[in-house]
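Have the viewer open as you read.

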Amino acid sequence: MSQTNIGDDEVDIVIGALHADLTSFLNEWRPLFSRFHLIIVKDPDLREELKIPEGFNLHVYTKSDIDRVVGSSYTAINFSGYSCRYFGYLMSRKKYIFSVDDDCIPAKDDKGLSVDAVDQHITNLATPATPFFFNTLYDPFRKGTDFVRGYPFSLRSGVTCALSCGLWLNLADHDAPTQALKPGHRNSRYVDAVLTVPARALMPVSGVNIAFNRELAGPALFPGLRLAAEGKLRWETVEDIWCGLCVKVVCDHLGLGVKTGLPYVWRNDRGNAIESLKKEWEGVKLMEEVVPFFQSVRLSQAAVTTEDCMLEIVALVKERLATLDPVFARAAQAMADWIKLWKAVGSGSGSSRPSNG
Amino acid sequence: MAQPAIPVTPALKDDLDIVIPTIRNLDFLEMWRPFFQPYHLIIVQDGDPTKTIRVPEGFDYELYNRNDVNRILGPKASCISFKDSACRCFGFLVSKKKYIFTIDDDCFVAKDPSGKEINALAQHIQNLLTPSTPFFFNTLYDPFREGADFVRGYPFSLREGAPTAISHGLWLNIPDYDAPTQLVKPLERNTRYVDAVMTIPKGTLFPMCGMNLGFDRELIGPAMYFGLMGDGQPIGRYDDMWAGWCAKVICDHMSLGVKTGLPYIWHSKASNPFVNLKKEYKGIYWQEDIIPFFQSVVFPKECITVQQCYIELSKQVKEKLGHVDPYFQKLADSMVTWIEAWEELNPPTKAAPAAQPNGVKKDAPAPKPK
């Protein structure tokens with residue numbers, strides 16, 4: 001397997017707008033975004049009009065689009081807050097998606113050079129992943145490096161990378177208790193590596209800075225695990241963590257890869273960890289059940305697509321988690337609804353959808 | 001975190017041995033002097049035992065040549081390779097310390113991107129003294145490093161981590177490539193400094209390179225056997241690989257952690273790729289059977305010590321790899337011999353250690369009491 005060529009016209013950049021004024025956000029990203037098509041999804045809870053600067057090729061989706069497309073048939077799916085971006089994933093007709101939170105801007109690397117996060121994610125998705133054996137020099141497909149001595153030759157062609165998870169300088173994606181304990185802690189370490197997360201190793205996928213192959217990962221990225229008091233700060237959510245575990249389990253089963261590491265984005269200071277902690281730490285508690293559950297998931301040989309895998313996971317969630325907490329029963333329903341919605345509205349690529357913004 | 005080049009009180013000064021296999025000379029030690037001098041060295045001299053290897057002044061060391069290996073182990077010496085750096089594991093066998101750092105004699109002090117010299121030993125110690133996180137991958141890498149932590153979504157119940165058994169360091173300049181890759185890219189140099197330490201997840205195998213390696217001898221020592229390589233053997237340059245695969249499956253079974261990443265050393269010598277190809281050639285295609293074997297190893301729950309796991313592994317090697325080549329039957333036997341030697345030299349009930357004079361160079365030690 002060699003490098004795939006990914007054209008600019010195969011990529012959508014999906015932004016969930018939790019803030020109405022996107023002027024400075026989009027202007028910061030302009031040099032990197034201007035050649036791509038953008039999908040902006042306005043948080044349905046946001047009252048004010050979106051402010052978007054000129055010069056971008058974009059579609060905007062708002063609450064009325066969400067209501068029109070989703071209607072009343074999929075009541076378990078809630079697109080408010082951070083989950084609004086999933087509507088963008090649904091409506092996209094491109095093969096690859098990059099999504100970043102609207103409180104992040106491009107970062108600079110350890111030499112002071114601007115990081116092209118979009119380009120790096122595209123490279124990550126275009127080159128093979130190596131989940132079956134750990135390469136100690138990290139991604140062997142990066143320039144200037146290779147497989148090390150002892151790496152089996154039959155595993156060197158790698159597999160398709162379905163998900164690329166980036167990182168964050170400044171405000172790293174810690175949970176509220178961790179950040180509250182060290183309020184001044186900021187991430188200043190630029191780790192110049194991309195690596196494949198090995199098969200059967202699970203990890204927390206942060207939605208702050210990700211890119212994925214929509215055909216392969218789309219059905220597994222959805223608003224599923226919604227906290228009772230979910231808020232508009234990442235400290236008050238775990239929905240992306242839940243999706244990430246679904247994606248990883250599916251990728252492990254289907255022989256696909258997940259990469260992590262570069263690119264970095266700069267995440268602006270926002271919110272107060274202690275306030276979030278006081279308000280919401282249900283997410284932290286739920287992880288204690290969620291992680292062992294996903295570690296125990298085994299999918300059948302009959303599951304050969306992402307949708308198949310997700311349906312089996314839904315059944316397992318209903319069987320093993322739903323009785324522990326109603327939030328899991330709702331998640332299972334949301335997953336089932338999403339798969340139907342994806343089949344009805346989301347599948348396929350090529351033709352673009354007109355917006356109604 | 002700023003570290004003094006020469007720590008005021010070197011960490012683990014009396015608990016760590018530095019094991020160095022050599023066949024040429026130990027000139028490289030001069031460059032390491034500021035970092036190594038406080039520690040005890042175990043030199044394993046490979047090749048011609050009549051040759052004298054000069055150790056630079058001021059180091060406290062034991063030196064063993066092939067005659068010493070034969071004298072100390074008797075018939076069990078057959079498990080220690082000759083004319084291959086695999087002989088280093090003899091140093092692990094005779095050490096009396098809790099920790100080992102092993103390094104090749106063509107590895108020098110590297111510089112980090114700021115130009116500062118890297119104290120590789122101090123970094124290995126830091127890696128070994130902090131927990132690993134094998135059960136769930138932390139996307140910000142080692143959360144126990146200064147300036148890092150666990151990310152959102154990492155379960156609190158897993159944040160204690162597991163004890164770290166192995167610390168695997170990397171190399172700037174000449175990367176550890178196999179012969180075919182060296183032939184295709186003879187000029188490639190590793191110039192990328194990746195400022196990370198990370199735990200290799202449970203259930204994942206990796207190629208363990210022995211040229212810059214630290215480990216907790218009490219936790220994993222008996223599994224760090226570097227196999228039968230070199231003179232009289234059909235294979236070479238797979239010693240550390242073999243030890244790494246055995247050690248990793250045992251670490252996974254015993255919930256011990258393996259870290260990789262920092263520290264970097266500067267690897268100066270590119271070995272001859274044609275010579276390497278001859279040594280590795282069998283390994284390259286045997287590996288295709290070896291890897292699935294290790295990926296499917298299961299230890300019965302009765303195996304609760306490293307030695308028990310290792311003996312069990314030797315049985316499985318004989319049973320499942322024996323058909324690939326008779327070499328594996330010999331290797332399985334030598335794995336058992338190694339454990340026998342380990343038990344003999346490291347009896348479970350420790351006698352009070354004999355008083356050791358400080359700073360005196362020692363030649364081959366007296367035979368160990370039976």
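Two helices of chain A, α5 (176–181) and α9 (282–296), each supply at least two residues of the lining of the largest cavity. Of these, α9(A) gives the most, with three residues. Keep in mind that this is a predicted model, so everything here is computed from its atoms.

That cavity has a volume of about 130 Å³. It is lined by 19 residues, and the closest to its centre are A:Asp175, A:Trp235, A:Val238, A:Gly283 and A:Val284. What sort of residues make up the lining of the largest cavity? They divide into 10 nonpolar, three polar and six charged.

The second largest cavity comes in at about 90 Å³. Its lining has 13 residues, and those closest to its centre come from both chains: A:Arg189, A:Val191, B:Leu140, B:Tyr141 and B:Ala148. Overall, the count comes to 13 cavities of 30 Å³ or more.

Now for a residue of chain A that reaches over to chain B. A:Arg149 is found in the loop between α4 (117–126) and β6 (161–170) of chain A. Is A:Arg149 buried or exposed? Its relative accessibility is 5%, so A:Arg149 counts as buried, the cut-off being under 20%. Setting aside neighbours within four places in sequence, its contacts are B:Asp176, B:Tyr177, B:Asp178, B:Pro207, B:Cys209, B:Arg237, B:Asp240, B:Met241 and B:Glu280.

Over in chain B, B:Asp17 is found in strand β1 (residues 16–22). With 1% relative accessibility, B:Asp17 counts as buried. Which side chains does B:Asp17 meet in polar contacts? One is B:Ser95, at 2.7 Å, and another is B:Lys97, at 3.1 Å. Beyond its sequence neighbours within four places, B:Asp17 is in contact with residues including B:His40, B:Ile42, B:Tyr99 and B:Phe101.

For a whole buried element, look at helix α3 (residues 84–91) of chain A, where eight of its eight residues are buried. Among them are A:Arg85, A:Tyr86, A:Phe87 and A:Met91.

| Where | Backbone feature | Value |
|---|---|---|
| A:Leu262 to A:Pro263 | cis peptide bond | omega near 10° |
| B:Leu262 to B:Pro263 | cis peptide bond | omega near 10° |
| A:Tyr138 | positive phi, not a glycine | near 65° |
| B:Leu12 | positive phi, not a glycine | about 55° |

A:Pro263 is found in strand β9 (residues 257–267) of chain A, and B:Pro263 in strand β9 (residues 257–267) of chain B. B:Leu12 lies in the segment before β1 of chain B and is buried, with a relative accessible area of 17%.

Terms used:
Residues numbered from 1 in each chain as written. Chains lettered and ligands numbered in written order. Predicted model: local features only at pLDDT ≥ 70, side-chain atom pairs only at ≥ 80, totals over all residues. Heavy atoms only, no water. Helix = DSSP H or I, 4+ residues; strand = E, 2+ residues; numbered from the N terminus. Buried < 20%, exposed > 50% of the residue type's maximum accessible area, 1.4 Å probe, protein only. Contact = heavy atoms within 4.5 Å. 1 Å grid on protein atoms, 1.4 Å probe; cavity = no way out; pocket = protein on both sides within 12 Å on 5 of 7 lines; lining within 4 Å. Points joined across faces, edges and corners; volume = space filled by probe spheres on them. Nonpolar A, V, L, I, M, F, W, Y, C, P; charged D, E, K, R; others polar. Polar contact = N/O pair within 3.5 Å; in protein donor to acceptor, adjacent residues only side chain to side chain.
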